[in-house]
Amino acid sequence: MNERVGVWVRWLTLAMVLIGAFNALARWATRFTGFSLASNAYLDLQWNLFALVFLLGAAHGLPEGAHVRVDVLYGRLSRRGRAWIDLLGTLLFLIPFSVAMLVVSWPAVRASWAVREGSPDPGGLPRYPIKAVILLAFAMLAAAGVAYAYRQVRVLAGAGAEDE
């Protein structure tokens with residue numbers, strides 16, 4: 001599933017850049033034409049796409065090794081040493097953090113849906129659907145963390161050579 005989401009995230013990134021460029025050009029053209037092409041909805045859409053890219057891209061980046069890690073010692077370690085660090089980091093930090101974010105985010109997402117929260121800006125987009133993605137993203141990240149931890153256990157057991 002993360003692989004499919006990763007493909008969508010790539011397309012969302014392109015859409016975000018194109019909408020951002022359109023917003024900039026529309027604001028620039030407004031100065032000369034007197035006709036406003038810019039809209040708060042486009043700005044909200046750009047921010048929503050950024051949120052989707054960031055939130056959904058996190059789970060996709062984990063198995064790809066795309067996350068930032070402090071490589072002072074990690075790169076010098078053996079494959080088993082790296083697997084231990086990845087396993088412990090996943091079990092002690094990634095999965096508990098993802099679960100904590102699900103617990104902490106749930107009331108805010110529920111409240112947003114209860115009132116059908118919208119943008120405070122005139123002509124803006126609703127905010128409640130994008131807030132629900134927070135829950136989806138951390139659930140996906142936790143699931144990716146479980147799969148990643150399993151992969152590290154296989155490496156430690158000597159069965160993970162074909163996984164890389």
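**Helix packing**

Modeller: Let's begin with helix H1 (residues 2-33) and helix H2 (residues 40-64), whose axes cross at roughly 150° and come within 8 Å. H1 is therefore roughly antiparallel to H2. Please keep in mind that this is a predicted model, in which local features need pLDDT of at least 70 and side-chain atom pairs count only at pLDDT 80 or more, while totals for chains, interfaces and linings use all residues. Residues are numbered from 1 along each chain as its sequence is written, and side-chain values use heavy atoms, leaving out hydrogens and water.

Helices are DSSP runs of H or I with at least four residues, strands are runs of E with at least two, and both are numbered from the N terminus. An axis is a line fitted to C-alpha atoms, for helices over the stretch in contact, and angles between N-to-C directions run from 0 to 180 degrees. Under 35 degrees counts as roughly parallel, over 145 as roughly antiparallel, 65 to 115 as roughly perpendicular, and the rest as oblique.

The contact of H1 with H2 has 16 nonpolar, eight polar and four charged residues (Ala, Val, Leu, Ile, Met, Phe, Trp, Tyr, Cys and Pro count as nonpolar, Asp, Glu, Lys and Arg as charged, and the others, Gly among them, as polar).

Now for the second pair. Helix H3 (residues 79-114) packs with helix H4 (residues 128-156) at about 160°, their axes 8 Å apart. That angle makes H3 roughly antiparallel to H4. In this contact, 27 residues are nonpolar, six polar and four charged.

Between H3 and H4 runs a loop that holds arginine 116. Arginine 116 is not a glycine, yet its phi is positive, at about 50°. H4 itself has 29 residues and reaches 43 Å from its first C-alpha to its last, close to the expected 42 Å (1.5 Å times one less than the number of residues). After H4 comes glycine 158, with a positive phi near 85°.

Stepping back, the chain has four helices and zero strands. Its radius of gyration is 20 Å, well over the 15 Å of the globule rule for 164 residues, so the chain is more spread out than a compact globule (the radius is taken over C-alpha atoms, and the rule is 2.2 Å times the number of residues to the power 0.38). The C-alpha trace spans about 65 × 35 × 30 Å along its principal axes.
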